[in-house]
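Subject: Structure handover

Hello,

I am passing this structure on to you. Please look through it before reading my notes.

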Amino acid sequence: MRNPEIILNTLCSHSSDADYKYERLYRLFFNEELFMVAYERIKSKPGNMTPGSDGKTIDGMSLERINALISSLKDESYIPNPAKRVYIPKKNGKLRPLGIPTIEDKLVQEVARMILEAIYEGYFEDSSHGFRPSRSCHTALNSLQKRFTGSRWFIEGDIKGFFDNIDHSVLVDILRKRIADERFIRLIWKFLRAGYLEIWHYHNTYSGAPQGGIVSPILANIYLDQFDKYMAEYAENFKKGNKRKVNPEYDSLNKKLAKVRKKWKSETDETVKACLFERIKELQAKCLSVPAGLQMDANYRRLQYVRYADDFLIGVIGSKADSESIKADITQYMSEKLLLELSAEKTLITHASENAKFLGFDITVQTLDDTKRNKRGVIQRMFVG
């Protein structure tokens, strides 16, 4: 029996190759040791003593139960149980539906999640931070702080009921781009169509991925990775110019400053030199109060994008008209390609001097005039933008 670490590392080695297609994945579900790793990963998580729709908990899990599960997977008689639906309160007072799978289903889903993570982790875009190893809200905010420098506008993105509206056919078509194993694809279909029990009434699931399902977050990332790649291409096409034009006012002051400095260096009279030095300090102060680059340069545009789960933020160096055009384009892409709808009341265009919302934080562009010496010892306004 192959070592699970070797199996997953082998899958990872092809992850970044966009043209590589994975075959014969389903047979990995016959590996008992892979299920043991899955058990070790989920055994201590909270909620495992909450019974699923079959009334069982993780207590009493045994090799016999795992082998019976593997046998049902081998002959494809395995059918996931419907998730037990419960509701948890949200911050806004509303309730969020949560699906609790049975323990056996959790084990199969964890094995599927490990396989999918090995396949896709090296393929995902750097702009994505939700439900990924070594990434979190903190890495998303840190990336935003470093990369969104100088943004003029923010576009706050929110997908309406994302987890409930994932289109199963679109998701499976996306999976087939990298996975050439129909037995594996059929298993994913079974997860998606398992349905749920609410107050002991069965409900079919014709769309969506249940929140609470172990495999749901990675499937959601695979789905929205298409949007991440669209935004990476969009940003590249949106890009214009190498740098902002020099602000004429700053350029004029800088030239005056250069002349006075030249005169000060060649002056021999100490009294005149002292006057020139005061003039240099005055011109330096004026230079530091004026932007060096032209803030509204029509020939300079940039776009930055960051996503955590179904929340995303776009930073735009450009005009409001550019931002409105971007919003219209992404709304159309979501609707036509992913069959999703952006929330009109939450997808907002905000000026960077005001507060945009992302992951519960207020995001704004600093306008502090405080100065600091850079690595070359030159005094600069390091906290603007």
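The notes below cover strands, salt bridges and surface charge.

Please keep in mind that this is a predicted model.

Strands

Strand E1 (residues 83–89) has two partners. With strand E4 (residues 196–198), E1 pairs in the parallel sense over 2 bridges. With E2, the pairing is antiparallel and runs over 6 bridges.

A second hairpin is made by E6 and E7, with 2 residues between the strands. Ala309 sits in the turn and has a positive phi of about 55°. Strand E6 (residues 302–308) and strand E7 (residues 311–317) pair in the antiparallel sense over 7 bridges. One of the facing pairs is Gln304 and Gly315, the latter in E7. E6 is mostly covered, as 6 of its 7 residues are buried.

Salt bridges

The count comes to 18 salt bridges.

Glu104 forms a salt bridge with Arg65, and their closest N and O atoms are 2.9 Å apart. Glu104 lies in helix H4 (residues 103–120) and Arg65 in helix H3 (residues 63–74), so this pair ties together parts that are 39 residues apart in sequence. Glu104 is buried, at 12% relative accessible area, and Arg65 also counts as buried, at 19%.

Glu125 forms a salt bridge with Lys229, with 3.3 Å between the closest N and O atoms. Glu125 is in the loop between H4 and helix H5 (137–147), and Lys229 is in helix H9 (residues 216–238), so the pair ties together parts that are 104 residues apart in sequence. Glu125 counts as partly exposed, at 23% relative accessibility.

Arg176 and Asp173 meet through their side chains in a salt bridge of 3.9 Å, N to O. Both are in helix H7 (residues 168–176), 3 residues apart, or about one helical turn. Arg176 is partly exposed at 31%, and Asp173 counts as partly exposed at 46%.

Surface charge

Which residues gather in a patch of positive charge on the surface? They are Lys90, Lys94, Arg96 and Lys346. Arg96 belongs to strand E2 (residues 95–100) and counts as partly exposed, at 32% relative accessibility.

Regards

Key. Residues are numbered from 1 along each chain as its sequence is written. This is a predicted model: local features need pLDDT of at least 70, side-chain atom pairs count only at pLDDT 80 or more; totals for chains, interfaces and linings use all residues. Side-chain values use heavy atoms; hydrogens and water are left out. Patches are made of residues with over 30% relative accessible area and no salt bridge: like charges are joined within 9 Å, nonpolar side chains (Val, Leu, Ile, Met, Phe, Trp, Tyr) within 5 Å. Accessible areas come from the Shrake-Rupley method with a 1.4 Å probe; for residues, only the protein chains shown count as cover. A salt bridge is a side-chain nitrogen of Lys or Arg within 4 Å of a carboxyl oxygen of Asp or Glu. Lys and Arg count as positive and Asp and Glu as negative; His and the chain ends are not counted. The place of a charge is taken as NZ of Lys, CZ of Arg, CG of Asp or CD of Glu. Helices (H or I, at least four residues) and strands (E, at least two) are DSSP runs, numbered from the N terminus. Buried means under 20% relative accessible area, exposed over 50%, partly exposed in between (1.4 Å probe, protein chains only). Two strands pair if DSSP finds at least two bridges between them.
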